[in-house]
Amino acid sequence: MTVAAGPRPSITRVCPTTGGTLNDARRMVTIGEQLSAKDVADLAIGHAVVHVDLPRVHERLGRARAVVETALASGMPTYGLNRGLGPLRNSEVPLDLMGDFQRFVIVSHAAAIGTPLTRAEGRATLLARLNTLAAGGSGASVALFDGLLDLLTHDVIPVIPAQGSVGAADLSQMAAIGLVLLGEGRAWLPGEDRVVPGAEALAAAGLRPLVLGAKDGLALVGSNALSVASAALTHRRTELIAQRADLVAALTIEALDANLSPFDEVALAARPHPGQLESGARVRAALAGGDLAEGRVYPGSVQDPISIRTVPQVHGALVDELRVLDEMIRIELSCAPDNPYLDVDRGVFISNGNFSITGLAVGFDSVRVALAHVAMLSERRVAQLVRELRHSVTLAEQIQSTISTTGYVTPVILAQTASALVAQVKHAATPVSLTGTTVGDGVEDHASMAYPAVRVTDDILDVVERLFAVEALLAATIIDAGQRRAPRALGAPVARLAATITEITKHNDVTSDVVSWVTEALRRERRGDDHSEMRAPAVPEPHAIHDQEVARHDQLH
């Protein structure tokens with residue numbers, strides 16, 4: 001019999017997170033099968049529900065649990081079962097303290113600090129650990145699996161602090177989940193944007209604190225579920241941003257009447273890297289049907305600067321890096337990565353190094369280098385757009401326009417803003433995976449730093465998005481001026497996006513607000529959403545609220 005955890009996919013097309021219209025019905029993600037980064041992202045934001053064949057998973061966990069019980073009865077020294085962890089790996093755990101040892105593992109590892117992660121990241125982490133536990137290589141009890149499943153399906157999402165993992169099992173942050181299972185720690189109240197004590201959140205969902213069995217403490221904290229889940233979310237976000245990079249480049253190509261020969265399908269196929277072909281195809285699709293693409297408008301030059309000519313090659317390099325990383329994430333989401341690994345067929349625990357996710361760390365370091373190259377091209381195109389904006393209008397006309405215009409005037413020094421943004425992106429390209437230190441009394445003398453590498457990548461995506469918005473704003477400004485002088489046909493996505501940006505500038509007169517709105521417009525255009533449903537971007541208030549003032553006072557006093 002197959003048992004569904006949570007409701008079946010809704011036939012309504014309403015996003016449970018935002019209330020906006022979904023383009024597709026909610027999907028179903030099955031625990032115990034191979035998952036993708038998109039599966040994790042969709043579940044995290046409420047575009048999917050989980051499903052699990054509980055009898056099948058329980059049977060697999062039960063077989064593994066029999067090996068745990070046998071090892072416990074035999075007294076065979078086993079890491080994390082009847083022996084301690086890390087520096088205490090050779091210290092015996094008395095049988096009469098076995099239950100207390102599970103709580104000890106949780107509270108002694110609950111060292112994470114910093115700003116809480118979002119509920120989406122919490123959901124993703126629960127899904128990632130449930131899927132690897134379902135493989136049966138951890139020796140976890142059925143109760144632990146069901147307890148984590150209950151948290152996910154009842155939306156009791158533990159508050160997970162952002163800092164603490166070095167990418168060699170997310171010990172401290174997984175312990176934050178363990179605290180909630182025990183009725184401690186903190187969690188979001190189901191259905192409300194409010195943090196409460198773990199016991200209160202469990203009670204609100206009709207759940208009780210869990211009693212952990214032998215080996216459950218290590219089965220929970222000895223996991224890279226947070227790193228892998230965060231990797232999946234950041235990968236998905238980067239993938240979408242890579243698609244928007246081509247859309248923004250197409251906007252600039254129309255604005256500058258660039259030569260389209262570098263995007264010729266035959267020319268790109270002569271060097272058939274998949275990312276290059278994909279990027280070129282997206283640019284052609286964005287321009288299709290326009291006068292420039294149809295040859296009714298002649299390009300301004302026989303050969304444009306490299307920042308335009310090599311869009312498929314540079315953007316494609318990022319796409320190719322993401323493709324490699326995607327496969328790595330698929331493996332991490334669906335494997336049995338525990339140390340020790342429980343080989344059920346042989347009935348033995350095997351000490352191993354599968355907790356090291358150095359491949360993910362190096363992968364995200366590489367993605368940031370590729371992102372930096374994409375950002376460098378964007379910044380150079382911004383410089384060309386600013387030059388065009390300056391040279392196409394005389395200084396006298398620029399002065400007159402600022403006097404006569406009551407609405408927004410696109411600043412002619414946005415090139416400086418772009419330069420500041422690209423500097424941040426280039427700095428963030430420094431490898432994080434090489435920065436680990438020795439911990440655990442010298443026993444844990446290498447760490448992948450995968451989680452920090454993922455976090456740095458996710459943080460820098462905000463900067464990349466703002467850079468693209470600056471480029472799009474400038475390109476749309478030039479397109480709008482050209483359309484007023486001599487209207488012409490544009491590629492449908494370019495025309496729609498340029499019109500939306502022009503409309504945005506009619507209702508905002510502060511550049512930071514305009515850029516935030518343009519960022520939202522770029523997201524919506526890429527995924528085919530109705531621009532009329534755009535939500536106001538989350539822009540901080542221009543004045544400091546009292547708590548912020550007090551915090552700043554304490555930092556400076």
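Tutor: Glu379 counts as buried, at 12% relative accessibility, where buried means under 20% relative accessible area, exposed over 50% and partly exposed in between, computed with a 1.4 Å probe on protein chains only. Its partner Arg380 is partly exposed, with a relative accessible area of 43%, and the two form a salt bridge whose closest N and O atoms are 2.8 Å apart; the term stands for a side-chain nitrogen of Lys or Arg within 4 Å of a carboxyl oxygen of Asp or Glu. Side chains of opposite charge can pair when their charged atoms come close.

Before going further, note that this is a predicted model, in which local features need pLDDT of at least 70 and side-chain atom pairs count only at pLDDT 80 or more, whereas totals for chains, interfaces and linings use all residues. Residues are numbered from 1 along each chain as its sequence is written, and side-chain values use heavy atoms, with hydrogens and water left out.

The side chains of Glu471 and Arg381 also meet in a salt bridge, at 2.7 Å from N to O. Because Glu471 belongs to helix 17 (residues 450-485) and Arg381 to helix 14 (residues 358-392), this pair ties together parts that are 90 residues apart in sequence; helices here are DSSP runs of H or I with at least four residues, strands are runs of E with at least two, and both are numbered from the N terminus. Glu471 and Arg381 are both buried. Elsewhere, salt bridges that share partners join Arg237, Arg244, Asp458, Asp462, Glu465, Glu520, Arg523 and Arg524 into one network. For a further pair, consider Arg194 and Glu192, whose side chains meet at 3.5 Å, N to O: Arg194 is partly exposed at 40% relative accessible area, and Glu192 is partly exposed at 37%. The structure holds 34 salt bridges.

Gln173 has a relative accessible area of 0%, and its side chain reaches the backbone nitrogen of Ser165 at 3.2 Å. Leaving aside residues up to four places away in sequence, Gln173 touches several others, among them Ala112, Ile160, Pro161, Leu226 and Tyr451, contact meaning heavy atoms within 4.5 Å.

Helix 6 (residues 171-181) also packs against helix 5, their axes coming within 11 Å and crossing at roughly 90°; axes are lines fitted to C-alpha atoms, for helices over the stretch in contact, and the angles run from 0 to 180 degrees between N-to-C directions. That makes helix 5 roughly perpendicular to helix 6, the class for angles of 65 to 115 degrees, while those under 35 count as roughly parallel, those over 145 as roughly antiparallel and the rest as oblique. Leu144, Gly147, Leu148 and Leu151 of helix 5 meet Ile177, Val180 and Leu181 of helix 6.

Helix 5 (142-153) is, in turn, included in what covers the buried residues of helix 1, as are strand 1 (27-31), strand 2 (48-52) and helix 13 (311-334). Helix 1 (residues 37-44) is mostly covered, with seven of its eight residues buried, including Asp39 and Asp42.

Definitions and conventions. A polar contact is a pair of N or O atoms within 3.5 Å; within protein, one must be able to donate a hydrogen and the other to accept it, and residues adjacent in sequence count only if both atoms are side-chain atoms.
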